[in-house]
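Try each task before reading its solution.

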Amino acid sequence: MTGLYYEEFKVGETIEHGKRRTVSESDNQAFCDMTMNQQPLHLDAEFAADTQFGERLVNGLYTLSLAVGLTIPDTTDGTIVANLSYDDVEHPAPVFHGDTIRAQSTVTDKRETSDGERGVVTMRVEAFAVNREDELVCEFERTILSLKREHAED
């Protein structure tokens, strides 16, 4: 278990996540297939060539999901009770096949639950395309319900 317990999150702290992933055409295709999203901008090279982007874009929900996944080992792996919300999602720039994505999380708020046995933590997650000079491609608020160390099962 590598995640943080509630007590270990510090408001204002930015966690740089070491894991990165290069997004492949196969990743995008599989995600679109699993979610039944057949938007031609994601899947049809000829269609996408005639858009302002000139090529297919990676599904934005895949980008969001990947950003969450990249954060898990350093934040919530084994210490989370539940994801409570994802808010204020923005995609300031598209992701293309071949982009390598990294993420960072900044703890923006935390509070104990009313029973004092768990805690609610909010983080601002940012995802960047490292091969494009760390261009910001996705950002959002992630709120979790976290275990407190003293109440975690052994």
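The exercises below cover salt bridges and then a helix.

This is a predicted model, in which local features need pLDDT of at least 70, side-chain atom pairs count only at pLDDT 80 or more, and totals for chains, interfaces and linings use all residues. Residues are numbered from 1 along each chain as its sequence is written, and side-chain values use heavy atoms, with hydrogens and water left out.

**Exercise 1.** Find which residue forms a salt bridge with Arg102, and say where the two partners lie.

*Solution.* Start with the criterion: a salt bridge is a side-chain nitrogen of Lys or Arg within 4 Å of a carboxyl oxygen of Asp or Glu. Arg102 meets it with Asp134, their closest N and O atoms being 2.9 Å apart. Helices (H or I, at least four residues) and strands (E, at least two) are DSSP runs, numbered from the N terminus. Finally, widen the view: Glu16, Arg102 and Asp134 are linked in a network of salt bridges.

**Exercise 2.** Decide whether Arg102 and Asp134 are buried, partly exposed or exposed.

*Solution.* Buried means under 20% relative accessible area, exposed over 50%, and partly exposed in between (1.4 Å probe, protein chains only). Arg102, at 15%, is buried. Asp134, at 31%, is partly exposed. Now check the backbone of Asp134: its phi is positive, about 60 degrees, although this residue is not a glycine.

**Exercise 3.** Identify the residue that caps the N-terminal end of α4.

*Solution.* Locate α4 at residues 60-75. The cap is Asn59, with a side-chain oxygen 2.8 Å from the backbone nitrogen of Leu61.

Conventions:
The expected span of a helix is 1.5 Å times one less than its number of residues. A polar contact is a pair of N or O atoms within 3.5 Å; within protein, one must be able to donate a hydrogen and the other to accept it, and residues adjacent in sequence count only if both atoms are side-chain atoms.
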